[in-house]
Amino acid sequence: MLEGWVIVGASFAYIGLLFAIAFYADRRADAGRSVIANPWIYSLSLAVYATAWTFYGSVGRAASDGVGFLPIYIGPTLMIVLWWLVVRKMIRIAKLNRTTSLADFVAARYGRSALIGGLVTVIAVIGILPYISLQLKAISTSFQILMEYPQIVMPAKAGALSVMQDTAFYVALFLAMFTIAFGTRQLDAAERHEGMVAAIAFESIVKLVAFLAVGVFVTFVMYDGPGDIFERAARRPDLAALMTPFGGAAGGYASWVWLTVLSMMAIMFLPRQFQVAVIENVDERHVKRAMWVFPLYMLAINLFVLPIAIGGLLHFPDNVDADTFVLTLPMARGNEALALLVFIGGLSAATGMVIVETIALSTMVCNDLVMPLVLRLRKYRLAERDLSTLLLDIRRAAIVAILMMGYFYYLLAGEAYALVSIGLISFSAVAQFGPVMIGGLYWKGATRAGALTGLTAGFLVWTYTLLLPAFAKSGWLGFGIEFLERGPFGIELLRPTQLFGLTGLDQITHAMIWSFIANVGLYIGVSVLGRQSAAEHAQATLFVDVYKQTGERGLQWRGTASASSLQTLLGRFQGPARAAELFSAYARERGLKSVEELEGDAELVRYAELQLAGTIGAASARAMVATVAQEDPLGIDEVMTILDEASQVIAYSHRLEDQQRELEAATSELKAANDRLKELDRMKDDFISTVTHELRTPLTSIRAFSEILHDNPDLDAAERQRFLGLVIKESERLTRLINQVLDLAKIESGLALWNTGELDLREIVVDAVNATSPLFRSKGVAIETAMPALVPAVVADRDRLTQVLLNLLSNAVKFCPAGTGRVQVRLAADIGGVLVEVRDNGPGISPEHQAMIFEKFRQVGDTLTQKPSGTGLGLSICRRIIGHFGGRLWVESAPGRGSVFSFVLPCPTAS
Amino acid sequence: MSHRILIAEDEESIVASLEFLMRRSGFETRTAADGREALQCVADFHPDLVILDLMLPFKSGLEVCAEIRARPEWRETRVLMLTARGGANEEGLLAGADDYLSKPFATRELVARVRALLVLAPLRPEAGS
């Protein structure tokens, strides 16, 4: 028979066993042979995630929502994939900073802000209270049900009994004592609770075995295996719906997504999870094992949830709460031993959670809420007294207070919700840490102000949309249901569960959307708009770049303090003996004979601060050290110099790369310029050699005939006359050539003088035609002009333009056939200028010669056997003159069809 | 028998002066205004000496000279190269010219060199003999 004493006795026996395990583990730890330095123990301790909520509540939720219970376990399974990146980084940072809790971690990241630490603590405590109340509810309910064995009677509602008669109250008290005994035996939280971790790992095995035992019992003893159960369920439409994900009983996609996100946050940021995963971690490599063991555990503990839920629904009429199926099914079949095992399993799930959670929370309350306040009191700050017992007392008081508050929450709101819903309210509160934690690890720009506003806003929205409705449903705080249905002061837009008219979502999804918008939005917005202080920037760099550090923290203190005052300070919190021990260990490490030889340099200050941080948290430790150490103000510039050295080196190497690229570009530009110069130099040499050649030719004739005339006085008159004529002709040619070479050189070098003015091109055409008319007449070539009555004026040099036209006309007449030749000059207004055309009916120019004729000394004759007369510089000069006035000179021609030389000059009035 | 001189030059006035000088010296002359014509004349006229301008249309003096040297039957034809370029005269000799003169030249020197080439010719060791 399950008498009351049997149940209570079994419970105490179990708790005794836990103590024995913890005691053994602590002994082993003291002896330096840690049992928890084992990846299996680490992985199993993470399963503290599975609480009474999982143990009893999953079946309850499965009975109403079917597979809807799953996201809570899918989230952690997904998240743990990233643990090697995220949690390993947190472990590394926590170890370097001797972090004591989640609040300590966040505070340290945002400039060791006591305000942030306090805020995180408040959110964590208020947020976790529902969760603790859930454990109390589970233990007391299961106890009451078991006490009624063999009857199955649902226990009385909370609050129906007076506090003194309420099982839950005693459970809370008992757990408080239990936790105090477990968790506050040693002071330095950064020194791991090895015994606790070992006990928790053991509890994880117990609850799994108990749950699997019920699963097997229900599935294979009460029914004929899972096939039988699901077949029976399929025959009942209300049960068949439980097995469909998305929609129906399991909730919509939004609900699945948000529950998954929520539990992804919870697995890392629930204070107890942070405690076991980060603070209690002894070896980063254990995370690797946990990455597959933990999901496996999650799978195992969920394996029989649906069969048990369906089995319970099939077996019981409506009067049994589905949250109790795990216990009531074995009871219904009279299996006392199994019922007791289930009770113990539930107890282990609940106690595991409560122990770790309250230890984590009490550390936060002590280090991040109470100590900063206590240290502000001059009395404690200055008094030469031992504060270590005070610290322990604060933690013990915090544990009792937290559990009592949990109990009162259970009284007030516990009955309004099922187990799972209570747990989700806590999850939603904890999820508010997600942005500041993840952002803090990867975003250096995140500021203290951003974290403060983001957290506050997220927490306020959570309070309004989840916590207040929970109270309202319980009729507490003077809010009635009306408050939920009509909104405050009748403003419907502000209804807590349908904020700003957002409807159609379940309460958790609704709250998560609004709180995350507020939290993430303000966190990012305020961070981006604001500025970091030097201290904030220092901490941000230490966190984000933790892998780049060599294991030592950055240069924190630049000031000094006396070694004895530091030792005294440490002694006040850890006891004088412990402080002396730590200081002599430090002295030994430095190769000094005694503590007296220690100098109070920056390194020693840092060491003392680090030791202190492990006891009272980073923010308080800094404040305390500041009372004995004189710190020279650390300017932002210096902090930047010290901490951004790495990024400066990177920036410098980027700059070097840039400079190298620029240098390469400059080199290739220089090379191009050099090539161009060489080309110009070669062209100049060619030009000079060509000019020389062209000058030598007439000179040769002149000299030859002069010598002939000189040496042969007997020449007849006619011959003498002919030779003199040749000398004159060649002299003229020489003169012309020299003039043109000089002309071209002047134009090219920019030394030519231009008499620029407005000109009527018609006058120039007429002048040029008149000047060349004897040439045309002598060769029998006809010339025609076609000009409009009015052409726009152009701005140019009259003589130069006349030179161009004369050149074009004499070329034309030169290549025209004698007698039948015909040259036409046309003048016309063109787009933006005036066009002049000189057309001849000569032999034409082949395309390959058309470009060549504008080069210097290039001549193209009618046949190649005969050199045309002229210097070969005329067209070259013409093109430069036209170019000088912004115009263009070109030729259009084909062999046998004559040639058209045209130029366009811009005119100011036409543009 | 008077020597035959071919004047290959495209500048008319220079041709006129060279023609006068050669005839005055008692040589028989013929003229060619480009490279092709020059080679044709070598074949038809069998000159003892060619006064060859370096820059001729169609075929340069260098090409003409090389072709003359390439033909065994013309091996005794002397070539005097005229160049208007300063300093680049070796190439004429390398192409097989017997002598060269730069423009403008002294007429007496020209005549002297022509005579010298024609007189000395038999004294030169004959290729292939």
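# Briefing: chains A and B

Among contacts in chain A between residues at least 6 apart in sequence, 81% join residues at least 24 apart. The model is predicted. Chain A contains 36 helices and seven strands, and 47% of its 911 residues are buried.

**Met353 of chain A**

- Met353(A) is part of helix 17 of chain A, which covers residues 336-374.
- Met353(A) counts as buried because it has 29 C-beta neighbours inside 10 Å, and the cut-off for a buried residue is 20 or more.
- Apart from neighbours within four places in sequence, Met353(A) is in contact with Val48(A), Thr51(A), Gln135(A) and Arg272(A).
- Ile200(A) is 153 residues away from Met353(A) along the chain, yet their C-alpha atoms are separated by 8.6 Å.

**Helix 22 of chain A**

- Helix 22 of chain A runs over residues 448-473 and has 26 residues.
- From first C-alpha to last, helix 22 of chain A reaches 36 Å, which is close to the 38 Å expected at 1.5 Å a residue.
- At Thr463(A), helix 22 of chain A bends by about 40°.

**Helices 26 and 28 of chain A**

- Helix 26 of chain A (residues 563-574) packs with helix 28 of chain A (residues 602-616) at an angle of about 10°, and their axes are 10 Å apart.
- Angles under 35 degrees count as roughly parallel, and therefore helix 26 and helix 28 of chain A are roughly parallel to each other.
- On the side of helix 26 of chain A, the contact is made by Ala563(A), Leu566(A), Leu569(A), Leu570(A), Phe573(A) and Gln574(A).
- Helix 28 of chain A contributes Leu604(A), Val605(A), Ala608(A), Gln611(A), Leu612(A), Thr615(A) and Ile616(A).
- An α-helix has 3.6 residues a turn, so residues three or four places apart point the same way.
- Sorted by class, the contact of helix 26 with helix 28 of chain A has ten nonpolar, three polar and no charged residues.

**Contact between chain A and chain B**

- In this contact, 20 residues of chain B meet 19 residues of chain A.
- Helix 1 of chain B (residues 12-24) supplies six residues, the largest share of the side of chain B that touches chain A.
- That side of chain B divides into eleven nonpolar, four polar and five charged residues.

Methods: Residues are numbered from 1 along each chain as its sequence is written. Chains are lettered from A and ligands numbered from 1 in the order in which they are written. This is a predicted model: local features need pLDDT of at least 70, side-chain atom pairs count only at pLDDT 80 or more; totals for chains, interfaces and linings use all residues. Axes are lines fitted to C-alpha atoms, for helices over the stretch in contact, and angles run from 0 to 180 degrees between N-to-C directions. Helices (H or I, at least four residues) and strands (E, at least two) are DSSP runs, numbered from the N terminus. Angles under 35 degrees count as roughly parallel, over 145 as roughly antiparallel, 65 to 115 as roughly perpendicular and the rest as oblique. Two residues are in contact if their C-beta atoms, placed from the backbone, lie within 7 Å. Ala, Val, Leu, Ile, Met, Phe, Trp, Tyr, Cys and Pro count as nonpolar, Asp, Glu, Lys and Arg as charged, and the others, Gly among them, as polar. The expected span of a helix is 1.5 Å times one less than its number of residues. The bend at a residue is the angle between axes fitted to the seven residues ending there and the seven starting there. A residue is buried if 20 or more other C-beta atoms lie within 10 Å of its own, exposed if 12 or fewer, and partly exposed in between; C-beta atoms are placed from the backbone.
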